[in-house]
Amino acid sequence: MDKPNNNKTDATIKAIQHDTDLSSAIAFERSLTFLEACKLYPAAILWSAFVSMGVIMLAFDPQLLGNLYAMPQFRKDFGYLFEGDYIISAPWQTGLSMGNPVGQVVGALIAGYPMERFGRKWTFGTCVVMTACLIFIQFFARSLPVLLVGELLGGLVLGCYAVIAPAYSSEVCPMAIRGVLTSYVNLCFVIGQLLGNSVCAGTSKLGDHWAYSIPFALQWFWCLVILPGLVWVPESPWWLVRKGRLDEAEMVLRRLASEKVDVGKTLAVIVETDRLEQELEMGSTYWDCFRGVNHRRTEISMGVYCTQVLSGIYLINYGTYFFQLAGLDTDEAFNMGIGFLAVGFLGTILSWPLLIRYGRRKIYNTGLLILVILQIIIGILDCIPGRPGGVIWAESSLMLAWNFFYDISIGPVCFVILSEASATRVRSKSIALATAAQGALGCVMTVAIPYMINPDQANMQGKLGFFFGGLAALCLMWSYLRVPETSGRTYEELDILFERKVGARQFEGYVIESEGVD
């Protein structure tokens, strides 16, 4: 007769123990400083950075193309004479440059399926192998049509890295270092772009096909670095929990953390967050990204990523060519292109302490406001009659400043927000949709920019500042009203805040009073 009471008592004890584990795990994460988290989770940092290397390849390819248009030997071999100089026609520039953004759209949407079915690790590994094979087409291309095929096929695979890297980083790291490691994705973009500029600057004076063949060949370096390490890459513990493989998830958590961390409690938080999202009827399909509260979360993820394009980031791919058309000679243009990305590298690193101190929303909106102002000033300077030499250097210097503030604000913070704003069950799908939307806008800019800057077309030069400054101003109004502060919140708390429809400007100070979330 006492057995039912004993069962009830045991269930109550287990429930109390479960809630205690959740509360202590959340309290432990909140108590960690950035440096403490780095000491406790060195393996998580290592593997997050390792998977993000795929983004370096993603960024290197379009930057390489943008520099080839400014390379004399490439223009001579693939272009035609125009007013005494060889150029690549705007239609062919558009076609070649479309490979990356088109691939980003299609590849991102495709990546969502294998990431959910086979996991982050094996999807990443397959993409690296395919990239290594497709580089052969680019390396041996000696005509624009063959190079176009290589760019389109390569772009399909490269687009997957933009989805895999932020999703993986956000799922293997604790809250204290989550922002820095997801924003590290932006640093990988800058590294890829910087390497593209530096390599082309070093080979641009060669008088044969090696001027552009060497940069294509160097893409194999990253494949050779990544492939041997794939065997040891741990799978995402969040993905394993969703698949019901709790023992494997616990083993992975032990690999990612030091022995001082109670991974059992961390696992309890992951399981509880997944349970809550199931309770809130958050599915894991693309359609679920637009159902209920996920509609708002997907809008935020897509919006912050699309803002990068609308504010003018695609000009970076044409940086050297832009400086050349602005009036700098070839050497000065390549050097300015390298400096352009070097300040971006510095800006991304400086964004990390700002992320820890000020969160996401303030940095994102303040940085976007500065970008608007700089673009408008560049446009005004370009209206000065005769465009004296001082104006050319002033415009170029302001573009350097623009890239610095981009990479200290909306560049890195974008990847933090899109990772944190999306629900865990649809994270890969939400990031894929945001990447596809950004890529679709990128296709528009890829078509438009060559016609806007080429000397045989609109030849707008610095007046592009008015165009992108105006678009960035519209994005600023949207972000002020819609982008919330996600810093310092567990994924469970973010689920609750979105479910309660808390306004973007109220996120930071909102107090959650709910069982298991203190």
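User: Is Y212 buried or exposed?

Analyst: This is a predicted model, and in it Y212 has a relative accessible area of 3%, so the residue counts as buried, the cut-off being under 20%.

User: How many aromatic pairs does a search of the whole structure find, and how is such a pair described?

Analyst: In general, a pair of aromatic rings is described by the distance of the centres together with the angle of the planes. Here the search of the whole structure finds 18 aromatic pairs. One of them joins F74 and F78, which are stacked, with 4.5 Å centre to centre and 25 degrees between the planes. Both residues belong to helix α4 (residues 72–78), where they are four residues apart, about one turn of the helix. F74 is buried at a relative accessible area of 0%, and F78, at 9% relative accessibility, counts as buried too.

User: Which geometry does the pair of F78 and Y212 have, and which parts of the chain does the pair link?

Analyst: F78 and Y212 are edge-to-face, at 5.3 Å centre to centre and with 75 degrees between the planes. This pair links distant parts of the chain, since F78 lies in helix α4 and Y212 in helix α10 (residues 210–217), 134 residues apart.

User: Which residues do ring pairs link into a cluster, and where does the charged end of R427 sit?

Analyst: The cluster linked by ring pairs consists of F136, F139, F140, W210 and W220. As for charges, the end of R427 sits over the ring of Y491, 4.2 Å from its centre, while the charged end of K429 sits over the ring of Y286, 5.6 Å from its centre.

Notes:
Residues numbered from 1 in each chain as written. Predicted model: local features only at pLDDT ≥ 70, side-chain atom pairs only at ≥ 80, totals over all residues. Heavy atoms only, no water. Phe/Tyr/Trp six-rings, centres within 6.5 Å; stacked < 30°, edge-to-face > 60°. Helix = DSSP H or I, 4+ residues; strand = E, 2+ residues; numbered from the N terminus. Buried < 20%, exposed > 50% of the residue type's maximum accessible area, 1.4 Å probe, protein only. Lys NZ or Arg CZ within 6 Å of the ring centre and 35° of its normal.
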